[in-house]
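Student: I would like to go through the contact between two chains, one feature at a time. Please give the general idea before the case at hand.

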Protein chains: 2
Amino acid sequence: MTFDLERSIDVLRRTPATLRALLDGLDEPLIRGTEGPETFSAFDNVGHLIDGEETDWMARARIILAQGPSIRFAPYDRVRHRTRNAGRTLASLLDEFERLRAANLETLRSWQLTDAQLDLPGEHPSLGRVTLRQLLATWVAHDLGHLAQVSRVIAKQYTEEVGPWVQLLPVLTDHPAPRS
Amino acid sequence: MTFDLERSIDVLRRTPATLRALLDGLDEPLIRGTEGPETFSAFDNVGHLIDGEETDWMARARIILAQGPSIRFAPYDRVRHRTRNAGRTLASLLDEFERLRAANLETLRSWQLTDAQLDLPGEHPSLGRVTLRQLLATWVAHDLGHLAQVSRVIAKQYTEEVGPWVQLLPVLTDHPAPRS
């Protein structure tokens, strides 16, 4: 597939509503359950996506577009949300994510990016040279990865309850050491 | 977690709206893309979930509740949807899934299942003895597994576009031989 900005924005704009349909008002054991120590619950995933809106995607896009003296990205803190959201409700996180995402996509559209701009480089702390196009494609794939993770972590709360069916449900067994 | 019927119905009722938020109106390459030969696209996943509504979960629940001369389930056809839905639009499948799921959950609620009924056995063609409780828990986990699969298969359409980031996106690499 060739990168298409409008198509990618159309995926990105869906994530808040998709998470809301799946999670808003869901029972606490399903929202807070994890896949094991140091892994993300559904709640943590939403917090992590909020961190991305505030500190990752658009911040890095701006560094690339500026093409200043340094195009190197700051490292990204994957557990910022843990202290930030202590005591918060999932409903408030879903609202916040929706607002932040909408604002970011409005800004992204307002840039009216050209192909030449999408080709501009940045420097990732561990991956090296990347382009703005790759950053935006990664934003989309990252969203979908966390939607898959949210679905999987909720499914895993049913691992005991499904009994012998566990053998036929790869979502319960395909990630013996889940990454969060 | 201990099986809770109301909590499980609350997950099951969300799936049509979650898939609608994620998929309805999405660009065709994302709806029709797969993870390789003989694997399900997002479109195929919705068709497979429809098959489940028509031929799997409630049919098997009825066999268990009847406790007739045979409690053995008929084998389940995982590719029924391929011929059934040729030429259909995704929008029509999403509508159909929503209607079928709502009707099935209304019937399920109307049964007002007791703990004793949830303990009743059926015989799975390959797994052997299972209970109604396990069947209903599996229905939930199966939904979430396919939601994870839909997210993953759409993400994988971005595998080339993310460039070096593929190393940091397990959703793109964790299933080298995906099961559909």
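Student: Which side chains meet in a salt bridge with Arg7(B)?

Tutor: A salt bridge is a side-chain nitrogen of Lys or Arg within 4 Å of a carboxyl oxygen of Asp or Glu. Here the partner of Arg7(B) is Asp27(A), at 3.1 Å from N to O. The count between chain A and chain B is 2 salt bridges. This is a predicted model, in which local features need pLDDT of at least 70 and side-chain atom pairs count only at pLDDT 80 or more, while totals for chains, interfaces and linings use all residues; side-chain values use heavy atoms, with hydrogens and water left out. Residues are numbered from 1 along each chain as its sequence is written, and chains are lettered from A and ligands numbered from 1 in the order in which they are written.

Student: Which elements of chain A supply the side that touches chain B?

Tutor: Elements are DSSP runs numbered from the N terminus: helices are H or I with at least four residues, strands E with at least two. At least two residues each come from α1 (5-23), α2 (28-32), β2 (128-131), α7 (132-156) and α8 (170-173) of chain A. The most come from α7(A), with 15 residues. By type, the residues of this side of chain A are 30 nonpolar, 16 polar and 12 charged, where Ala, Val, Leu, Ile, Met, Phe, Trp, Tyr, Cys and Pro count as nonpolar, Asp, Glu, Lys and Arg as charged, and the others, Gly among them, as polar.

Student: What area is buried between chain A and chain B?

Tutor: The size of an interface is often given as the accessible area lost when the parts come together. The loss is computed with a 1.4 Å probe and summed over both parts. For chain A and chain B the value is about 4800 Å², and carbon and sulfur atoms give 68% of that. Met1(A), Glu161(A) and Trp165(A) supply 17% of what chain A buries against chain B, more than any other three residues.

Student: How many residues of each chain are in contact?

Tutor: Contact means heavy atoms within 4.5 Å. On that basis 58 residues of chain A touch 58 residues of chain B. The copies meet through the same surface, because 100% of the interface residues of chain A are also interface residues in chain B.

Student: What rotation superposes chain A on chain B?

Tutor: Two copies of a chain are related by a rotation about an axis and a shift along it. Superposition is by least squares on the C-alpha atoms of residues with pLDDT of at least 70 in both copies. In this model the rotation is 180° with 0.0 Å of shift along its axis, at an RMSD of 0.0 Å. The two copies are therefore related as by a two-fold rotation axis. In chain A, Ala148(A) has the C-alpha nearest the axis, 2.0 Å from it.

Notes: Buried area is the accessible area (1.4 Å probe) that two parts lose on being put together, summed over both.
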